[in-house]
Amino acid sequence: MHIAVLAGDGIGQEIMVEAVRVLDALNLPDLRLDHADVGGVAYKNHGHPLPPATLDLAKTADAVLFGAVGDPDCDNLDRHLRPEQAVLGLRKEMQTFANLRPAKAFAGLENLSALKPDIAGAIDLLILRELTGDIYFGEKGQRKTDAGLREGYDVMAYDEEEIARIAHVAFKAAQSRRKKLCSVDKANVLQTSVLWREVVNEVASDYPDVELSHMYVDNAAMQLVRNPGQFDVMLTGNIFGDILSDQASMCVGSIGLLASASVGTGTKGLFEPIHGSAPDIAGQGIANPSAMILSAAMMLRHSFGMESEAVRIEQAVATVLQQGILGHDLGGSASTQEIGDAVVAQLAS
Ligand code: IPM
Ligand code: MG
């Protein structure tokens, strides 16, 4: 089990320490962890947010455990040198086009949600976000208009293969869950979405047992807080998935709780919390490591077929929450390390 450990910037460093402790606590045989710089810290140390050595390690490892990138010191760098480019580059290079972002209420902890408890308690959904296309990767730049005004532009585009392959992943995911798939787009305005909807409908004929619906993204944002329990799998493009998954995290309780798996066609993947580097609280030891720890669980499940170990970690995190050991993001006072300690203690018990 060769794992590339890329902690990155800000709270990425602190939460990764706890995820590694959790992995160590499982006493897995053949576990090999190799650390490398990524993001702003890599720019500072090596002049590039995704140095060749880091990319090599990510490509040769069996899986990548990723913290977070983003550093205000780098805000004025050219776009290709910004920390965010590291994670975008990794996703693209590793061809992890499918990003799985599960959002499920923790039993008995509905009060953590920003929603009313009875509404929050029903959340059990999976956002399937396309990760290597869309407006994120289209042509972009700044130019001058005919009137001499500065204009920024980012091209949104998906080809039919990109849509079909993520749609297949989503239908299969729905088959293994409650067999409901809601595809989210903006087909009333965007031509990209018109094709998206067409292709998703075509792929649907391979999955007659899955109930497919379509929803405009604005409505989906509203439905996610009105009645999130209606969703099973939500399939959507890169930018809409980015936004909706942050929203879904507050429906569960906090962005510090949601993990993600970015996968392609094989078992290899990139596993990272859905949150960023949180520079405002970095270095204080108060970040919630749960999303990072849960990302490690997703890695064990997807890349190493270790379902029971993944479940053990997930149950340990849930138990710690139920014990009232809450981080600052959830109105508690437990430190990053205290939460890690508690999860490790659960695994030992
Ligand atoms: C995420 C993050 C990234 C994204 C940033 C850090 C580039 O917000 O993983 O959701 O936009 O995909
Ligand atoms: Mg995001």
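**F171 is buried, with a relative accessible area of 0%.** Y207 is likewise buried, at a relative accessible area of 6%. Buried here means under 20% relative accessible area, exposed means over 50% and partly exposed lies in between (1.4 Å probe, protein chains only). A word on conventions: this is a predicted model, where local features need pLDDT of at least 70 and side-chain atom pairs count only at pLDDT 80 or more, while totals for chains, interfaces and linings use all residues. Residues are numbered from 1 along each chain as its sequence is written, chains are lettered from A and ligands numbered from 1 in the order in which they are written, and side-chain values use heavy atoms, with hydrogens and water left out.

**Two aromatic pairs are found in the structure.** Y158 and W196 make a tilted pair, with 5.2 Å from centre to centre and 50° between the planes. Rings of Phe, Tyr and Trp (its six-membered ring) pair if their centres lie within 6.5 Å; planes under 30 degrees apart count as stacked, over 60 as edge-to-face and the rest as tilted. This pair links distant parts of the chain, 38 residues apart: Y158 is in the loop between strand 7 (150-154) and helix 6 (160-175), and W196 is in helix 7 (residues 191-204). Helices (H or I, at least four residues) and strands (E, at least two) are DSSP runs, numbered from the N terminus. Both Y158 and W196 are buried. F171 and Y207, in turn, are stacked, at 4.9 Å centre to centre and 5° between the planes. Here too distant parts of the chain are linked, with F171 in helix 6 and Y207 in the loop between helix 7 and strand 9 (211-216), 36 residues apart.

**The largest pocket has a volume of about 670 Å³.** A pocket is an open set of points on a 1 Å grid over the protein atoms alone, where a 1.4 Å probe fits, with protein on both sides within 12 Å along at least five of seven lines; lining residues have an atom within 4 Å of a point. Its volume is the space filled by probe spheres set on the points. Among the 22 lining residues, P102, K104, L294, R301 and E314 lie nearest the centre of the largest pocket. Helix 11 contributes the most to this lining, five residues.

**The second largest pocket holds about 340 Å³ of space.** It is lined by 19 residues, and those closest to its centre are V87, R91, D242, I274 and H275. Helix 4 (84-93) is among the elements giving two or more residues; its share of four residues is the largest.

**Zero disulfides are present in the structure.** The sulfur of C182 is 14 Å from the closest cysteine sulfur, in C251, so the two are too far apart for a bond; a disulfide needs a pair of cysteine sulfur atoms within 2.5 Å. C182 is buried, with a relative accessible area of 5%, and C251 counts as buried at 3% relative accessibility.
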